[in-house]
Amino acid sequence: MAGHPACEGARMAQGRSVMAGKLPMRVKLLAGFGSVAFGVKDNGFSFFLLIFYNQVLGMDAGLVSLALLIALLVDALVDPLLGNLSDRTYTRWGRRLPWLYAAPVPLAVLWVMLWSPPGGAAPSFAGLVGIAVAVRLLLSACEVPSIALVPELTADYDERTTLFRYRFLSGWIGGLGMMVLAYTVFMPGAQGMLSLEGYQAFGIFGAVLMAVSVIGSAAGLHPLVARLPARKPPPFTFKGAFAEIAEAFSERAFLVFAAGGLAAYVAQGMTFSISNYLNLFVWQLTQGQLVAYPLMLLASVVLMFVIVGPMHRRLGKAGSAALSALGAALIGIIPYGLLLAGIWPQPGTLASTAGFYGFALFANALGVVSLVSATSMMAEIVEAFEERTDRRAEGSFFAGGWLVQKCATGAGIFVTGQIIGFAGLAANSAPGAVPQDVIVRLVLTYGAAALALAGTSAFFLARFPISRAEHEARLERLAHRRGPDPLGEAARADPEGHSIGA
């Protein structure tokens, strides 16, 4: 790297994005590939970890749930500190790459241990908390720097959306792909879900996939982002770190995003955690129909990938986020309303399942559009903060976004528990045998919560204060403040990045 003119320009550039104009497909794919690890982890924790430790290893379900909640809360609280440390990293490989090379291998090792406990026996409660915390923190050490690379790669309003839609698509493919493999390869059939060996294979494959995705993405982007930061940060102190985090989180645009994003992620956490109850007891899906569920979700994310760009160009990010949040809730509850009105096919039939999946396809697509839009909006906060403070804090802001998401997801699971309790759904209930009054309370309470959360999310996200025009004007002001941009000239002369960092 030493002595290359473009690299020298990169070292002099401060707060600049490395590529101008439309991003090459290679960069989009590489940036998206890094989020596969998050999808693998999220799927494992959300769908399989509880049943594995409870039904296979014999741990009390309440203790397992408590251990996972503690791990989530610890992770959420540490995330902003990880983001700040990422912002402060000062190496010739830049601020993010050292994390992306250091964290994936220990993450993979612990992921295998999570699904293959020593001796095949259940660990202690403290042991489960410890390994769950370690896995979550190492995943954050990969995901926070990885997502913080987006505003470093491009400052373009639309190209940032493109990178985020590739990241969301890759993350969903990773998670849903592991779900399909679990059902069909590692743990096929009802008895397979209770197979220790199946979970061990699931863990090994997932560990390899996570390590390859993070390291592969980092290595592919290395020539573009490996550069010495222009400013060396002051020595790390906890007081200074938390002061910087507090300053970043006080940015008005971030507070608006946090309020809208909190409601959106509570809604997502509630919808995901209640889906098995609705699928089994309301829609009475068969085992074969349930296998098609992840495929429907994947199709909905592909639909999101197609429509989010045109929506942003026509409505802007804030408008797209607000409209999609409302649209997702309204479309999602239509089948429930028709069912209660008595004008829906008998649950469990092919017609009922096909109709439910059809509505769910569009509802989930719009729900993910809202989340992609909100996440992409956060990239613009980076330049607003830089203009005010003359300091970039991508890691802190995106770690703050993860803090919001993780706390909200936990809150969404809590809301689901309250809905199930209020509805009076008894333990060990059988599909088709649940009293109608319980189904009615379950559906009405879920629908009311979904609409309330969607309305709250739309209210705040629609008021996000950074429009496309304001962002572009801010970029011009920052460019004037920074002076000449040797790296930008190099990127425009070599849009495929063949020589940058060679």
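Aspartate 390 sits in the loop between helix H14 (350–389) and H15. Helices here are DSSP runs of H or I with at least four residues, numbered from the N terminus. This is a predicted model, in which local features need pLDDT of at least 70, side-chain atom pairs count only at pLDDT 80 or more, and totals for chains, interfaces and linings use all residues. Residues are numbered from 1 along each chain as its sequence is written, and side-chain values use heavy atoms, with hydrogens and water left out.

**Loop residues with positive phi**

Aspartate 390 has a phi near 60 degrees, a positive value in a residue other than glycine. Aspartate 390 is partly exposed, at a relative accessible area of 29%. The classes are buried (under 20% relative accessible area), exposed (over 50%) and partly exposed in between, with a 1.4 Å probe and protein chains only. Glutamine 284 is not a glycine either, yet its phi is positive, at about 50 degrees. Its place is the loop between helix H12 (252–282) and helix H13 (287–340). Glutamine 284 counts as partly exposed, at 26% relative accessibility.

**Salt bridges**

Side chains of opposite charge can pair when their charged atoms come close. A salt bridge is counted when a side-chain nitrogen of Lys or Arg is within 4 Å of a carboxyl oxygen of Asp or Glu. By this rule there are 19 salt bridges.

Lysine 317 is buried, with a relative accessible area of 1%. Glutamate 380 is buried too, at 0%. Arginine 463 lies over the face of phenylalanine 459, at 3.8 Å from the ring centre.

Arginine 96 itself has a relative accessible area of 1%. Aspartate 87 also counts as buried, at 12% relative accessibility. A network of salt bridges links Asp87, Arg95, Arg96, Glu152 and Glu394.

Aspartate 79 is in helix H4. It is buried, with a relative accessible area of 0%. Contact means heavy atoms within 4.5 Å. Not counting residues up to four places away in sequence, aspartate 79 touches Ser140, Ala399, Trp402, Leu403 and Lys406.

Serine 324 belongs to helix H13. It is buried at a relative accessible area of 1%. With neighbours within four places in sequence left aside, serine 324 contacts Met311, Leu366, Val369 and Ser370.

**Aromatic pairs**

Rings of Phe, Tyr and Trp (its six-membered ring) pair if their centres lie within 6.5 Å; planes under 30 degrees apart count as stacked, over 60 as edge-to-face and the rest as tilted. The count comes to 26 aromatic pairs. One of them joins phenylalanine 164 and phenylalanine 398, tilted, at 6.0 Å centre to centre and 40 degrees between the planes. This pair links distant parts of the chain: phenylalanine 164 is in helix H8 (residues 157–186) and phenylalanine 398 in helix H15 (residues 394–423), 234 residues apart. Both phenylalanine 164 and phenylalanine 398 are buried.

Phenylalanine 186 and phenylalanine 205 form another tilted pair, at 5.8 Å centre to centre and 50 degrees between the planes. Phenylalanine 186 lies in helix H8 and phenylalanine 205 in helix H10 (residues 196–225), so the pair ties together parts 19 residues apart in sequence. Phenylalanine 186 counts as buried at 15% relative accessibility, whereas phenylalanine 205 is partly exposed at 40%. Ring pairs join both into a cluster that also includes Phe45, Phe48, Phe52, Tyr53, Trp111, Trp115, Tyr199 and Phe202.

Methods. Helices (H or I, at least four residues) and strands (E, at least two) are DSSP runs, numbered from the N terminus. A charge sits over a ring if NZ of Lys or CZ of Arg is within 6 Å of the ring centre and within 35 degrees of the ring normal.
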